[in-house]
Amino acid sequence: MNLLRSGKTWATLALAVFVAAMSGCGASSPGLAARIEAGELQGAQKPVPDDQLKFNKEKIFRVLGGWPKPPLYQGNPFGSGGIGDTNNRYMFEGLYVFIRSTNDVYNVLAESTEDGPGTTTVHLHKGVKWHDGAPFTSKDVWAYYRLNNGADVTKYLSSIETPDDYTVVFRWLDPAPYPELKKLLLAQDLQGQIPYHLYQKYVDKADGLLKQAKPLPDRSKDGPFHLDIPDELNKQIALNWNEFTRSGPAVPVGTGPFKFEKVTTTDMLLSRNPDYWQPDAVNYDKIWIKNVPELSAQYALVKSGKLDWYDGTPPKDILESLLKLNPDLLHYRMYDPASVGLMYNIRRKPFEQVKFRQALTYVFEKSKLREIGNYYGKEYPKISMTGIMPSSLESELSAEALGKMTDYTHNPEKAASLLQEIGWSKGPDGLWRDPGGHVPSFIIGAPNNWVPGVNSAQIAAEQLTRFGIPTKLKAVDSTIYFANADKGLYDMSMDWVDVSWGFQNPWSSLKVVYWDGTKKKVGFPNVKKTGADGSEIDTGRLDLKVAGIDGKTVDVDKEMRRFPYVQEESERKAIIDNLAWIANENCWGVNFFQNVTGAWINTRTMAGNYPMMDQIVQSGRDMPLPETDADRLAVTHLNHGFNSTFMPREYWPR
Amino acid sequence: MSQGFADFWRTIYRNKKSFSGVIILAVFIFMAIFGPMLASLDMTVKFDNRYASPSWSHWLGTDYGGRDTLLQLVYGSRDVLTIGLFAALFTLVIGFVVGAVSGFAGGRTDTALMFVTNLFLTIPSFPVLMIVAALVQIKNPVSFSFILAVWSWAPLARAVRSQLLSLKNREFIVACRIMGLRMPYILSREILPNLTPYLAINFIMAAQGAIVASVGLMMLGLAPYSPTNWGMMIQLAVQNTGGIFNPKGYIYLISPILCLGLFQMSCIFFSNGLEEALNPRLRSN
């Protein structure tokens, strides 16, 4: 009684009640496993009627995102900093969407598609409106490509025609890319981003400038719409593009299901587009996006159920702790079409020697790298780096090619023997010496904000050091890291390897190896030519001639250029076999592990047909990697098809 | 000299705070010098042994990779103390020389040196360090310390200059100048002893500042990444445990925080007694 009379005790009780009320925040609910066991989620689920909503009555979809902070925020998705990558999918649409990990393509603004001889004709949905009320027409699609003429697909097109307001004809060059590639090249763009009525001035100018260019004489060079654009014209096109990126508008104008409402440094609010052309596909009234960069703060939001959906898989123990602390959370894992890996810089000695690179590759114990880098990832000990997503190796490569690949499974004895073959020797101190008797020390560079990369690179450095090759990690600020790595400032560089940034097929991922990111970090040579003044000019074109799988010399650049036009699947497979074998054999890098990422659902506030429902209870809400195509697709949808689909239409407030 | 030394230690001993600071610092120095000789650190990943609780074989448990936390702290102490002490030394030397010459010489020299000092005080260090990171290769703790000192000497230089301005017109300095003694002599023999207490305190504070700042430089890529640096251990612990989201990792998280906190506390306690020990006026009081 005395206790109850004390003022402090009352204050404590009041505080406890307040905390309990805040943490409960509305109606109580048993956890997900209890609901499943009680039979609450049997059969196909349907959207909850408004009057039966219990936990998300305001129908707000709450997620995390990032964007340029006001006053820098502006509405042009191509402007400086964009509008925030994660918000693209809520406000903008393309003709199609594709699922990055499966390459499934679905119609969005395109109602139907016809493939003719040398053409792809797209019929647009009628009644689609931009957020400012203007109709979306074929002219907008044409405007997208005339202004954004650096888009990948323009290299394969001769023209885009608009016979009427709702028909777009893409005319392909002859030869055209193979059918699957044509579809994906079109599907990877968000064509509903450049409303012609807003950007007419810039679109018409770009169109006029392109019309001044002459056609290329042959297919040995690339250019938008097969045009040979001289430097001076190119500068004018770039200038026009730069002016366009600075031209606004103040807020985004798309055709998507949500319209921009307001933005602050920490919060962005989108509201349902009342004129959306698919009204039944929108289950939420608002999307509330919070900008919380700090990981610990993000976990706090997930734990407390303040988010409906969260992207990413934290370290194992944190993941298990979050699931334990919040019984409504459900976590799905999925393969990421990207691997964490390391690239050797062949511009630096002794990395120009293939046997040295192979020796180092034999030193790495990939299971340890994966455990620390991303416990849920999957290592493939046999390969070095192939240019193919490891989980697709067996489906993309022939058994014969796979059988001929050098096996790089951890083998320190093999590493030592290879080093001895090239004149290295191990001293009494356990350190390896080069043929000149010098003990080298190497640096692995990694971008400091990339946790799986930094963590696994640190272990890689320790493994090499323990083997007798002193190596240190430099975790470099990410704003300068990539430029430094491309310039060859580190002996070894960490980055995503065997990755495709757009659609997931071998053409896309081999391009990264031989023409894009990997090429720069490894330091593949380019073809040089002599300028008019006698100076040496780097053409930027790959100059790599190496032995292929059959022992004959392969001009890699030539093979890459031929690849997209090969219509015969078996011939394409042979190219893939050869280029992947070459990458593995030459050991220009090491695939540490294929990344596995994840998505979280707060089932207290977000309802729907959760994938693999029958495994939720037995897996303890930490779902295993999906094994069937249907499950894989459903789980990938949960991750917005890796930023290309609009996920909330498949789920609804509870 | 021996009498002065004895007086110094007597004063430190009487100041309980300062004495406890000395004891803790001595433990850390012992740990840095002899620790790595007594036990070897194995950084091999033993994932199944991660976040182990304290035991006889792992006194402070293990980290996210199953490696011994105490041994990492012991090995890290060498790096941490070397960087701290060298960075403090460089800070002190640069700060004193610039401040003293500026204050003593006056005129154009003073204007020029203070202009440079103000530049270092006002230019934001982050973008400059980014450029330095791209240009400079740091290969040992001494060069690492020098880079740290480059960004911390300016406030000390201004403070020393202020002290100089008040000292240089005192009778004993005026007498030295009338006698025709050269500036280096006056600075080292007459002025430096008067500033010793102040410089000693700054030395300690600069050392602890450098240890904290070293993590920032590692994460910029200016220096090789050292997973046993205490600051880096804290960063890794927060990153891998999510701060409070992994109960198994609490001891691993708290250990480097406690170590760094103890080191900073010992520095502050020690410096508290330093002024008293080195300033005869305070001691007599």
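Visitor: What makes B:I33 count as partly exposed?
Guide: The relative accessibility of B:I33 is 40%. Buried means under 20%, and exposed means over 50%. The value of 40% lies in between, so B:I33 counts as partly exposed. Keep in mind that this is a predicted model.

Visitor: Where in chain B is B:I33?
Guide: B:I33 is in helix α2 of chain B, which covers residues 16–38.

Visitor: Why can B:I33 be part of a surface patch?
Guide: Patch residues need over 30% relative accessible area. B:I33 has 40%, so it passes that cut-off. The nonpolar patch consists of B:I29, B:F30, B:I33, B:F34, B:M37 and B:L38. Together they have about 630 Å² of accessible area. In general, residues three or four places apart in an α-helix point the same way, because there are 3.6 residues a turn.

Visitor: What is the rest of chain B made of?
Guide: Chain B has twelve helices and zero strands. Of its 285 residues, 48% count as buried. Its C-alpha trace spans about 75 × 45 × 30 Å along the principal axes. The accessible surface comes to about 13800 Å², and 68% of that belongs to carbon and sulfur atoms.

Visitor: Now to chain A. How do you know which strands are at the edges of the six-stranded sheet?
Guide: Look at the pairing. The order is β13-β24-β14-β19-β17-β18, and the sheet is open and mixed. β13 (309–311) and β18 (471–476) each pair on one side only, which marks them as the edge strands. From one strand to the next, the twist averages 25 degrees.

Visitor: Which helices pack on this sheet?
Guide: Helix α10 (residues 316–325) of chain A touches β14 (329–344) and β24 (589–602). The direction of α10(A) makes about 170 degrees with that of β14(A). Helix α11 (residues 354–363) of chain A touches β14, β17, β19 (492–497) and β24. For α11(A), the angle with β14(A) is about 150 degrees.

Visitor: What makes α11(A) mostly covered?
Guide: Eight of its ten residues are buried. Among them are A:F356, A:R357, A:L360 and A:Y362.

Visitor: Why is β24(A) called largely enclosed?
Guide: Each residue had to come in under 20% relative accessible area to count as buried. In β24(A), 14 of the 14 residues are buried, so the rest of the structure largely encloses this strand.

Visitor: How do you know that β24(A) pairs with β13(A)?
Guide: Pairing needs at least two bridges between the strands. β13(A) and β24(A) share three bridges, so they pair, and the sense is antiparallel. One example is A:Y310, whose bridge partner in β24(A) is A:W600.

Visitor: Why do β1 and β10 count as edges in the four-stranded sheet?
Guide: The order there is β1-β12-β11-β10 of chain A. β1 (60–64) and β10 (258–263) each have a single partner strand, so one side of each is left without a neighbour in the sheet. Neighbouring strands are turned by 20 degrees against each other on average, direction ignored.

Visitor: How do you know that β10(A) pairs with β11(A)?
Guide: The cut-off is at least two bridges, and five bridges join β10(A) to β11 (residues 267–272), so they pair. These strands run antiparallel. In β11(A), A:M268 is the bridge partner of A:V263.

Note on methods: Residues are numbered from 1 along each chain as its sequence is written. Chains are lettered from A and ligands numbered from 1 in the order in which they are written. This is a predicted model: local features need pLDDT of at least 70, side-chain atom pairs count only at pLDDT 80 or more; totals for chains, interfaces and linings use all residues. Side-chain values use heavy atoms; hydrogens and water are left out. Patches are made of residues with over 30% relative accessible area and no salt bridge: like charges are joined within 9 Å, nonpolar side chains (Val, Leu, Ile, Met, Phe, Trp, Tyr) within 5 Å. Accessible areas come from the Shrake-Rupley method with a 1.4 Å probe; for residues, only the protein chains shown count as cover. A salt bridge is a side-chain nitrogen of Lys or Arg within 4 Å of a carboxyl oxygen of Asp or Glu. Buried means under 20% relative accessible area, exposed over 50%, partly exposed in between (1.4 Å probe, protein chains only). Axes are lines fitted to C-alpha atoms, for helices over the stretch in contact, and angles run from 0 to 180 degrees between N-to-C directions. Contact means heavy atoms within 4.5 Å.
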